[in-house]
Amino acid sequence: MTDLALDVVQQLLNGFLFGSSYALIGIGFTMIFGVMDKFNLAFGVTALAGAYTALLVLHLTQGPLALLFPVAVAAAGLVGLVVELVCFRWMPRDYPLAPLMATVGMLFFIDEVIVHGTHGRPMAFPAPMGEVMMDVGPWLLRGDLGFMFLVSLGVMGILWTLVYKTRLGLATRSVSQQPVAAQLCGISLVRVNAAVFVITGMIGGVAGVLIGSAVGALSPLLSLPLTVKGLVTAVLGGLGSIPGAIVGGLLLGIVEYEALYFFGIGYRDMVTYLLLFVFLVFRPGGLFGQTRH
Amino acid sequence: MRRMVTAALALLFVVGLLPALAPAPAAAQERVVKIAGTGAMSGVIRGFGVNSKAVFDMVVDEVNAAGGIKLADGTRAKIATTWLDERCNAEEGISVVRKLASEDWLVLIGPTCSNVAEPLFGILQRKVGDAGDSGLQFPIFTDTAIKPGLAKISEWAFRNVPHEPTMYTHLFKWLKEKHPDLKTVYGGVEKDFAHSNSNRGTMDAAAKAAGFEVMGWEEWLLADTEFSTQIGKMRRAKPDIVAISAHPFTTCGVLREMKRQGVKPKLMVGLTSTATLETMAGCGPEAEGLIIPSGFAPVTPEAKRVADIVAKKYKGNVDLHSAAVFENVLVLKRVIETSGVEAKPGTLQKDRQRVREGLAKVKEFDGLLGKVKRTEDRESVKPYVFAVAKNSDWAVLFDPR
């Protein structure tokens, strides 16, 4: 096999595995949009806030690394609830742009809180899964990214069970499809929305820890790229579709890595956003979503 | 008639009383020398601004405690300060400086970022005395923004930053002498940051001048988190030396990826701005052996003293950037005392010109590591050391002073 072919396959594998981090973030965007028909642009920074809180608790308690996950999940769930209250529940309903802009404000607010708390310095983040590298023939695979991919699948499975096999899921689907009818049936819109924000926040907590350990550090620099990539992932996969977010994230990862290899860093993002435009023009519903008219 | 006389007397009484109620004349007030500072106090570069401000507060407190600055008429004036956030953003930096220049600040220390300094110097008057140039006539003495050659933009711009071409030329020459068996260098650069991107050319030229073969440069962006593609190419090239022109966040990411992929060059060289505690906090173990030329290390009694006080009392770190603030304030003190600055309300613009002229005349001053020479284009030639990452801390590898 030529060097070029080896490299192309290596990029494919790297992109596929790293794309799972986009998938995890994309799930949060897509789920909130699916239920509320609104964007929560503070989701990426919610994930980051969960990871930072976990790191802080770990430092303070000197506890085991396993502590990272429950603390991040709890903290990000709480931040998710705050975002729901501040950016959605308390916003006037007559101004559709208000919640969107409020989440932009929340993104930069949380980001700046992190900057002030850390002086903007990158903080080393432990790797609970270690830094295993696997030799697969001539290719190298990162164990932590493989684990992240499995977690994305696991999260998808849990969410599927939650949405299709529980009363909360039934209520969520009702609110998503016919909010007025759902309310007439006695479903509390406020409670369902809050539950969705807490659950997506908790997923963000898992994503934050996994991304922090994969990157090896936390930095406020991460929040904006996570937001943009999560949003692109959700659009590629189809807004509202959880399997779509996973496939969209993996696709985005692969396109980025191949573009980086073939065209260099200066063109990587151009190719990525070109792909986004192509989808928006020719398949606005994404891979798994439905086209809205 | 009686009423008119009473009114006139009352008026006279009030008019007579007015001077007593008015504030004391300026001359009788305590005189102050107003020195402003600006640096990145928010955003991801905040750490740089925080350190510069800590050193600024420390040295100003020391000068004031020692009696302040002697003015032209022999009066001693305390230094009054302000420190504003330029957010490492050009528009913000320009807005901050326009505000300070419109007020009664004598001189400015800062900014943090080269991408702020470059456009900022562009709004200053280019040539002193050019009546056709309406640019700001406000002296700026930069401590951190390090991209080479910026002071030549305006005669009101002065800098006290390490001269990277000199340091890297010396470093690569020294490495060649110490390790004649090493032949090849592979570089990596954070492409979207003014300083790191310009330093790529500096490192490349220095390595070639020392006789190394530069095999190539990999590129990434400031916010990138994954470097397997770039490091994969380095792995295949098997260079003797890896040179990284990037700030701590991506330098740490790159070093981690090198470890993962088993890229083990015989030596590693880093960017000056990475010789900080941020790097050690982010990836101390992975950075082991990273060599960086630095304009500061606590290797003299004064440097140790300043570093200790700033760390203990002002909660900051003295590094190659923030150390310059200490030197700048002391140079300004000397210039103000010898150039006839009056610090009176009516002499502001004249005082600014005096400070500019005084700074332009400085040919040498005592820095924390030794004598700092000034060049004709208002830059510094500073003493430096080669620092190396050792046991998650910085140690001096070679002291060429």
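Guide: B:R87 sits in the loop between β3 and α3 of chain B, where helices (H or I, at least four residues) and strands (E, at least two) are DSSP runs numbered from the N terminus. This is a predicted model, in which local features need pLDDT of at least 70 and side-chain atom pairs count only at pLDDT 80 or more, while totals for chains, interfaces and linings use all residues. Residues are numbered from 1 along each chain as its sequence is written, and chains are lettered from A and ligands numbered from 1 in the order in which they are written.

The backbone of B:R87 deserves a careful look, for its phi is near 55°, a positive value in a residue other than glycine. Most residues other than glycine have a negative phi, and most peptide bonds are trans. B:R87 has 23 other C-beta atoms within 10 Å and is therefore buried; the term asks for 20 or more other C-beta atoms within 10 Å of a residue's own, with exposed meaning 12 or fewer and partly exposed in between, and the C-beta atoms are placed from the backbone.

Within α3(B), the residues B:G93, B:V96, B:V97 and B:L100 are buried. They cover an arc of only 95° around the axis, which puts them on the same side of α3(B), the arc being that of the directions from the helix axis to the C-beta atoms. An α-helix has 3.6 residues a turn, so residues three or four places apart point the same way. On the other side of α3(B), by contrast, B:E91, B:K99 and B:S102 are exposed.

What covers the buried residues of α3(B) includes β1 (32-39), β3 (76-85), β4 (107-109) and α4 (114-122) of chain B, where a contact means that the C-beta atoms of two residues, placed from the backbone, lie within 7 Å.
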